[in-house]
Amino acid sequence: MSVFHLAYHVTDLDKARDFYGGVLGCKEGRSTDTWVDFDFFGHQISLHLGVPFETTNTGKVGDHMVPMPHMGIVLDKTDWDKLANRLQKTNLDFVLPPTTRFAGEPGEQSTMFFRDPSGNPIEVKGFAKTEGLFAQ
């Protein structure tokens, strides 16, 4: 698979560093006084000072309404479990706390939604079987 690059706005680079580096455990890359890069689980995100995009809870997935638009990452279930446990210990305010959806179906997945300090929604999915990622 290819590595993706995503650039988006945050309102405070210090808070972004604390969250992405400290809470999520992402390694910081290059930066200037107006942006910072992170290794987001093997992908590159660039956080630039500015006004974050508008989001609303309009995405119906299973029984849940989720923030749209949002970005996220897919992890294997073991890594997802480790991250979920770590985030729960930080008292992170989840939009959707760690849960499993589509149980027993080909696309069974664990998921959690939360927002960064600037309000940008992030989803982290975990699959025991990665072939379920595109299952119908």
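Two strands count as paired here if DSSP finds at least two bridges between them, and strands themselves are DSSP runs (E, at least two residues) numbered from the N terminus. This is a predicted model, in which local features need pLDDT of at least 70, side-chain atom pairs count only at pLDDT 80 or more, and totals for chains, interfaces and linings use all residues. Residues are numbered from 1 along each chain as its sequence is written, and side-chain values use heavy atoms, with hydrogens and water left out.

**View 1. The open sheet of four strands.** Let's start with the strand order, β7-β10-β9-β8, with mixed pairing. Because β7 and β8 (94-101) stand at the edges with a single partner strand each, one side of each has no neighbour in the sheet.

**View 2. β9 beside β10.** These two strands pair in the antiparallel sense over six bridges. Look for Ser-110, which stands opposite Gly-126 in β10.

**View 3. The largest pocket.** Its volume is about 320 Å³. A pocket is an open set of points on a 1 Å grid over the protein atoms alone, where a 1.4 Å probe fits, with protein on both sides within 12 Å along at least five of seven lines; lining residues have an atom within 4 Å of a point. A volume is the space filled by probe spheres set on the points, which are joined across faces, edges and corners. Of the 16 lining residues, Met-1, Ile-73, Val-74, Leu-75 and Leu-133 lie nearest the centre. β7 gives the most to this lining, with six residues.

**View 4. The second largest pocket.** Here the volume is about 160 Å³. Among its 13 lining residues, Glu-105, Glu-108, Gln-109, Ala-128 and Lys-129 lie nearest the centre.
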